[in-house]
Amino acid sequence: MFEFIPYLAILAAIGGLLLAAYFAKVVNAADPGNDLMQEIALAIRDGAMAFLRREYRAIAIFVVALSAIIFAVLPTIRPWGSLAVILGAGFSAIAGFVGMRIATAANVRTAQAARRGAEAALPLAYRGGAVMGFSVAGLGLLGIALAYLLFVQILRVDDAFQVVATFGLGGSSIALFARIGGGIYTKAADVGADLVGKVEAGIPEDDPRNPATIADNVGDNVGDVAGMGADLFESYAGSIVAPMVLAALLFGGVDFTTRVVSDDFTPLQETTFLFPLFIGAIGMFASILGAFLVRGRQGKSLSSQLHFGTNVAMVITAVAGVAGAAWMFGGVDEIVNPIWLGAPIVLGLGAGYLIGFTSEYYTSDHYPPVKKLAKQAETGPATVIIAGIAEGMISTVASVVLISGAIGGSYWFGTLAFSGTELEAFGGLYAAALAAIGMLATTGAVVAVDAYGPISDNAGGIAEMAHMPPEVRAITDSLDSLGNTTAAVAKGFAIGSAALTALALFRAYTAAVGIDVIDLTAVEVIIGLFVGAMLTFAFAALTMKSVGRAAQEMIVEVRRQFKEIPGLREGREGVKAEYAKCVDISTKASLREMILPGSLAVVVPLAVGLFSEEALGGLLAGALVTGFLLAIFMANAGGAWDNAKKYIEAGNHGGKGSDAHHAAVTGDTVGDPFKDTSGPAMNILIKVMTIVALVFAPVFI
């Protein structure tokens, strides 16, 4: 009855991709400014695209190796599993490439548009970000729909849902390395530019005299555009895959060692498999509508204008989700109260919004935590660091309450839907997985708002380096300040959805290997719990040390140029910094340093799973809990330090160049790897490990 839904999802995905193409055309048609602005923008674009090509070549080796391993050790899904991994990675890479290309065109055009005011610059920056957003969501939805249509409905291959899961694994592979590599790149440049430029040399941010400033602007793109895009591509794909695979395991009588696709699906199987795709399609249509509602309007706050489209998309998706559940599940005998399976969609959307607001509360200078942090900068960097760590830690309380409420509430709604049947507990688990797709149904709009941030940041850098009038820089600064908040909100969405998706994939893994109950008194489970908890801390340490080593190289190079290039520090006319050397340092360091932490996510679960399925279950549980907490803590602490610095730079507590400002810059540099490297990569780590466990479950049995 519902065989058309994959086609509906494909139609929605194509609609999203067409919107991305239209916005790309709008951006490219805008005025790129004078020759100097275009020269600076070209240097940023060339650096970003060169890095992305080198990074993708390195990741391609890993993806090919992973597909070869799947071909060798999982004969039941040969060759489809290997193909699906490559498709997932390829779709994610295409989204990153297209999004980066347009983001590096939108930055200079946003700076030029700022001459006409924020009302002209804001929608242009948003549309540049929307290209990334709708490329990510469009290709993610298209890939999952095609995989389901091809492997499940048309070919009906053996272990079809395991093949669909490998598509998600391909996207996860790109996301993990893109997030780590991009994060190391951007923070090495940022830390070097801030510590030597602002603190030692006393020159403004993005000043052309600073040799690291081009690398810093390149880093904004490779870390916060391509990196975040790959992150949310993986989150979005995983949130759709998880309930589909879980439904196959719980309602289809499937295990990953037998043929899983029968000639005919029961109504329960068909609807539970296809409902996540339906929500993805509805969310895409709603996001497309919301994107057209973001326009620059005088008299309205920038924040309300930027978030208006996302809020409209969320409301439409919530209403359509409940109506869709009543429609699709209405004729299924096992489901007593079908409308309750729409409630997790609403709950997921609400939890995502509130987690985003929590992140905004702890990271925006409109609220007390950041203002108090800025005040403490008056007494030096030590108190800034202590207070920032404390704010990050306390911020986990609200997020845990919200995610726990989403899990518990969704499970309860699921039991109500199956009330009185023998599938009541399974219904609760399925509903909890639906909350994740609810949270990310409007991914196109969420990523658009997030990618707006680095475009605005770059616009400010170009304005500074091109010596544009102070009133233009004031406008780009206001756009950039809002971008810091939108980035924190997007991180909240990504981390919250990671917890829900990883939980669903974790339950799918236990079902696949036949574990009904994880015994916390069993020795192998306890060992797994400790290893999983340890792994998140080791991962955070490795990525932070990578940033530290790369930043050290950058600092040495910037100091060398100030010392050895006569007139550079003084700004003598005709004297230029050697920007390319700093770009090269960040590029080489990030590609070198991303290998070890990225490999841990795949190697450790495989090794532990071969030892014991129960131990791997303990590892996944330990990593899920500690990884979620660390991700929230790092993202919010880093965001608070960043905006405390900007709050002081706006003229508070002594303003730029004051002792408080120097202390805040130190806090910001500590927070850089927190919020842009280790923290965001943590949510990918926990999902990659769960999907690796799920895909390779037959090997462990």
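Helices here are DSSP runs of H or I with at least four residues, and strands are runs of E with at least two, numbered from the N terminus. With that in hand, L150 sits in helix α4, residues 118-154.

This is a predicted model, in which local features need pLDDT of at least 70, side-chain atom pairs count only at pLDDT 80 or more, and totals for chains, interfaces and linings use all residues. Numbering runs from 1 along each chain as its sequence is written, and side-chain values use heavy atoms, with hydrogens and water left out.

Let's start with the whole chain, which has 20 helices and zero strands. Its radius of gyration (over C-alpha atoms) is 24 Å, close to the 27 Å from the globule rule for 701 residues, so the chain is as compact as a globular protein of that length. That rule is 2.2 Å times the number of residues to the power 0.38.

| Chain property | Value |
|---|---|
| C-alpha box along the principal axes | roughly 75 × 55 × 45 Å |
| Buried residues | 66% of 701 residues |

Buried means under 20% relative accessible area, exposed over 50%, and partly exposed in between (1.4 Å probe, protein chains only). By this scale L150 is partly exposed, at 34%.

Now for Y148. Contact means heavy atoms within 4.5 Å. Beyond its neighbours within four places in sequence, Y148 is in contact with residues including P6, F161, M244, F273 and L277.
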